[in-house]
Amino acid sequence: METMLLTPVSQVRKINPFKEIEDAVILTTSQDTNNKAPRKQFIESNTKEVCIQHLKHECVIPVFSKDNEVTISHTNFIETVQEAACMAFPREKIASPDIRVSHLIKGRTPDAVHKPVSELQEEDKTLYYERMAFTIEIPTIYEDIKGNQLTLTVGGVRAYNHENLYSKKTFEKFKVFIGFKNLVCCNLCISTDGFKEEIKAMSTTELQQKVVELFQMYNIVKHIHLLNSFKNYQMTEHQFAQMVGKTRLYQCLSPKEQKLLPKFEFNDGQLNIIARSYYRDEDFKKNPDGSINLWNLYNLFTGANKNSYIDSILDRAVNATDFLQGISLALSGDSRYRWFID
C-alpha cells in the first residue's frame, strides 16, 4: 500500500490548550493574497463575501432578548477558531479567514424609527447576518492527490436561526471542522472525525477549549490516506448511471425504508450538477470510455455541495466523504452500499 507523507511532515501536536504560543504566524490579507490569482469560493449559493473588519465594525451583535445578554459574535467565533489553530499548530502559518454570509437582518437605530425609508441615512441603519461560514487555510501543511494540492483547512458555521434569541442566555451552538481544501476548485474535504456538528459553549474560552480538542483528535494522515485511496477505484458508466438513478429513488423512499440504507443528503438540484459535471467538468469529468475514478467523482460531489445553504454545507461535505467511502467498499464487494450501484 502506498505510503502517505504530508509536506512538510506535520502532525497534530498534543499540547496544553492554555500554553502560550509564540511561533504560529497569522498571515495578513495582503500577505495571503500577494501574487495569487483570484480563486473560486468554498461556497457559492445565496452568499456573499465579507471581511472580518466589516463584521467587527459595521454589524450589530444580537442579544438574548429576555435578559439582554450578548451572544458570541461572528467575529469572536472566527478569532476563537483562529487562535485554536495557532495552539494546535504552533509552528505553522495560519492564513487570514475567507468569510461568507447570508440572510441579512436589517434594523434601525432608535432615533430613526419614524423616518421614511427614502430618508434613511447609513448611520440610521443596523444590520447583522443570520448565517456565516468561514475557512482558514494552514498553507504549510499540504498534500498532492492526482495533481490537486490539498491544504489543511479549519473553519466553522454559525447560524443564529438555530438559537432561541427570544429566551434567556444559554449554551450557544457552533459547527466546527478541520479537513482539507482542494485548491483546484476550493472544494471542502471533511471526514467524520474532523467535524463537530454541534459544539455548545457559554463563552469564547469554553468554545476555544472544545475546538482545540477537536483539532488534537483529528488524524491528518488517516484522512489523507482515505482521500488518496479514492483514485484507486473506477466506476463504469453503467454504475454511475445506476448511482444517479438510485440516489434519486432514495429521496422517494419512506422514512422506514431510508433507515435501512446508508444516509444520503444531496438533493435533486445537486444531483443534476453532478450529472452535468460528469460530462463537462474540466478537471474531474469522466474518461473517454465513460468510466470515472472515485477521486474525480468525490470532487463532483463536493463541487455540487458548494450550492448548499450555509447551515448545511458542512454536514453534506461529511456525507460526501462517507458516501464515496461506502461506494469504494461496494466496488470491492461490500453489501451495505451495493443498493446504490446495482
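**Why the labels apply: burial, helix packing and phi**

Colleague: Why is C186 called buried?

Modeller: C186 has a relative accessible area of 2%. Buried means under 20%, exposed means over 50% and partly exposed lies in between, using a 1.4 Å probe and protein chains only, so C186 counts as buried.

Colleague: What kind of model is this?

Modeller: It is a predicted model, in which local features need pLDDT of at least 70 and side-chain atom pairs count only at pLDDT 80 or more, while totals for chains, interfaces and linings use all residues. Residues are numbered from 1 along each chain as its sequence is written, and side-chain values use heavy atoms, with hydrogens and water left out.

Colleague: Which value does the phi of N68 take, and is N68 buried or exposed?

Modeller: Phi of N68 is near 60°, again positive in a residue other than glycine. N68 sits in the loop between β3 (63–64) and β4 (69–70). Its relative accessibility is 58%, so N68 is exposed.

Colleague: How do you know that C51 is in no disulfide?

Modeller: A disulfide needs a pair of cysteine sulfur atoms within 2.5 Å. The search of the whole structure found zero disulfides. For C51, the nearest cysteine sulfur belongs to C59 and is 9.4 Å away. C51 itself is partly exposed, because its relative accessibility is 43%. C252, with a relative accessible area of 67%, is exposed.

Colleague: Why is N293 said to cap α9?

Modeller: A side-chain oxygen of N293 lies 3.0 Å from the backbone nitrogen of W295, at the N-terminal end of α9. The cut-off for a polar contact is a pair of N or O atoms within 3.5 Å; within protein, one must be able to donate a hydrogen and the other to accept it, and residues adjacent in sequence count only if both atoms are side-chain atoms.

Colleague: Where does S102 lie, and which residue does its side chain join by a polar contact?

Modeller: S102 is in strand β6 (residues 98–108). Its side chain and that of H103 are joined by a polar contact of 2.9 Å. S102 is buried because its relative accessible area is 5%. Leaving aside neighbours within four places in sequence, S102 is in contact (heavy atoms within 4.5 Å) with residues including N46, Y129, R131 and I310.

Colleague: Why are α3 and α4 called oblique?

Modeller: The axes of α3 (residues 74–88) and α4 (residues 204–217) come within 9 Å and cross at roughly 45°. Axes are lines fitted to C-alpha atoms, for helices over the stretch in contact, and angles run from 0 to 180 degrees between N-to-C directions. Angles under 35 degrees are roughly parallel, over 145 roughly antiparallel, 65 to 115 roughly perpendicular and the rest oblique, so α3 and α4 are oblique to each other. The contact includes F77 and V81 of α3 and L207 and F215 of α4.

Colleague: What makes α6 roughly antiparallel to α8?

Modeller: Helix α6 (residues 237–250) and helix α8 (residues 268–280) pack at about 165°, with axes 10 Å apart. That angle makes α6 roughly antiparallel to α8. Their contact involves residues including F240 and R248 of α6 and L271 and Y278 of α8.

Colleague: Is S73 buried or exposed?

Modeller: S73 has a relative accessible area of 7%, so it is buried. S73 is placed in the loop between β4 and α3. Apart from its neighbours within four places in sequence, S73 is in contact with I61 and Y160.

Colleague: How many helices and strands does the protein chain have?

Modeller: The protein chain has 10 helices and 13 strands. Of its 342 residues, 50% are buried.

Definitions and conventions: Helix = DSSP H or I, 4+ residues; strand = E, 2+ residues; numbered from the N terminus.
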